[in-house]
Amino acid sequence: MNKQWFNEMEARIPKGRVRTRFAPSPTGYMHVGNLRTALYTWLIARHSGGDFILRIEDTDQERFVEGATDVIYATLRKCGLNWDEGPDVGGPVGPYVQTQRRDFYGKYAALLVEQGVAYRCFCDKERLEALHAAADGKNVGGYDGHCRRLTQAEINEKLTAGIPYVIRQKIPETGTTTFHDAVFGDITVENETLDDQILIKSDGLPTYNFANVIDDHLMGITHVVRGSEYLSSAPKYNLLYQAFGWEVPTYIHCSPVMRDSHNKMSKRHGDPSYEDLLAMGFLSPAVVNYVALLGWSPRGEDCEQEFFTLDELAKVFDIGGISKSPAIFDLEKLKYFNANYLRTLPPDEFFAGAEPYLKAAVKNPELDLSLIAPLVQSRCDTWEDIAPQVDFFDTLPDYSTELYIHKKMKTNQENSLAALQAALPVLEALDHWASSGIHDALINLAAQLEVKNGRIMWPVRVAVSGKAVTPGGAVEICSILGKEESLRRIRTGIEKLQK
RNA sequence: GGCGCGUUGGUCAAGCGGCUAAGACACCGCCCUUUCACGGCGGUAACAUGGGUUCGAUUCCCAUACGCGUCACCA
């Protein structure tokens, strides 16, 4: 065995700083749970001024999906989760794609075989399936250790015969193994319940569990964030680290993000991915903010704060705030976050984001969209809420005169007709069409007629919008529509009411 | 089934032996107001169950129930 090579690998490992990694497999898209894992991983690194590394785990060739890595890159970028090392940017401990590291795993596995901590297994599929069938749900788990007992002569014989083999980890038959997790604490299991798991598959590629241990060590990873579904395979890692004499990183297992109390969020159920949420009109920072709070909460003096920028999160994020129990993804609460982000956007940024949605609903080039935008800024959960609110600017909907009836305003069809008939000449007389003038004219009219403002405002607003609920009031709408169109709509209202 | 993990209001959650058990979303009411929204104020609503330990348990321990995960040459 080439000792020199192992020493060189060790020498590359950066020491003395926090290093975390996000290690997705390119098998699908970025789901909310993945995003959260990436976020926590990034936050832990940034909190300590450490390194955040991107590693692609593509050891399952059957599940490889073309283009999936691009989605990962794009999502991470859009969220602001920048990485210091990765397949595209390189780094001191590359390569950062597992299939490009396949020789490494073989060498370390051979080392374990040499030490007697792992062994070659020549059992074929049929035998393993028979084993499974015999076990049939009984408490005898996994592999029976058949090839453990092969003599060296038998091994050599099979090797020269070219029989394909895997390399399995030799788990002690007695005793217990204790594994420590930063979220779940100490977990102790009986070794006899542990399976002699496969380290190297017969295609020569490592299994997830083995590749993880090797890569995390070789890349100097100090904190491993992953889903709690890996919790039960974690104790076996300790045995591996022990065998190599390596330091075990801090493990942080996170409970899943659920769609309801029984099921995880999943593409299969049609749950939205990060990309889907953006397409649904959500803002990336709002999604990130909300997702951060699904399974983590700030403690101490920040414990009542819920709005955080990425930088603020990096500052206050701590592992102790991660929750053990699963969290249900609540679209209503995401909407609340999004509405808040939308509202606090500077007006020009809001307009920039809203413009495409405004254009889709208001085609008339005469109308100034930049005047409509501020009207909807405090009235949207997502961008998608814009169009249905502003479409009346484009064309007056055919509405029922019932809309003129309002209990609190004390309006009905008759007095609305009168109000419109009174308002018409007053507005016609205005030669400068602007909010303040329109406002004063209508308020003065109300005063003159000795009625509450609403008695005039409500009918006018209904007449110019054809809706019971509108962004902005009569004055704003009239001013945006322009004199000619406003008067035309008021006349239409009068006609409708006269019928 | 074995093993592991979890369980505070409908939801996210604080709490880490002593509290009238925070806060947020949603919901309801009031105020503001020319509608709606925003904003302000207030309200309804929770420690899964049973045993211990303790002067005292949401908090510690043990059962039970329910839920989740895992028992692959998938990650």
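The structure is a predicted model. Chain A contains 20 helices and 11 strands. Its radius of gyration is 33 Å, whereas a compact globule of 499 residues would have one near 23 Å.

**Overall dimensions and packing**

- Along the principal axes, the C-alpha atoms of chain A fill a box of roughly 110 × 50 × 40 Å.
- Buried residues make up 48% of the 499 residues of chain A.
- Among the contacts in chain A with a separation of 6 or more, 75% are between residues 24 or more positions apart.

**Aromatic pairs**

- The whole structure holds 26 aromatic pairs.
- One of them joins Trp5 and Phe6 edge-to-face, with 5.0 Å centre to centre and 80° between the planes.
- Both Trp5 and Phe6 are buried.
- Phe6 also forms an edge-to-face pair with Tyr108, at 4.9 Å centre to centre and 75° between the planes.
- This second pair links distant parts of the chain, since Phe6 lies in helix α1 (residues 3-12) and Tyr108 in helix α4 (residues 102-115), 102 residues apart.
- Phe6 counts as buried because its relative accessibility is 10%, and Tyr108 is buried with a relative accessible area of 2%.
- Trp5, Phe6 and Tyr108 belong to one aromatic cluster that also includes Phe104, Tyr241, Phe244 and Trp246.

Technical notes:
Residues are numbered from 1 along each chain as its sequence is written. Chains are lettered from A and ligands numbered from 1 in the order in which they are written. This is a predicted model: local features need pLDDT of at least 70, side-chain atom pairs count only at pLDDT 80 or more; totals for chains, interfaces and linings use all residues. Side-chain values use heavy atoms; hydrogens and water are left out. Helices (H or I, at least four residues) and strands (E, at least two) are DSSP runs, numbered from the N terminus. The radius of gyration is taken over C-alpha atoms; the globule rule is 2.2 Å times the number of residues to the power 0.38. Buried means under 20% relative accessible area, exposed over 50%, partly exposed in between (1.4 Å probe, protein chains only). Contact means heavy atoms within 4.5 Å. Rings of Phe, Tyr and Trp (its six-membered ring) pair if their centres lie within 6.5 Å; planes under 30 degrees apart count as stacked, over 60 as edge-to-face and the rest as tilted.
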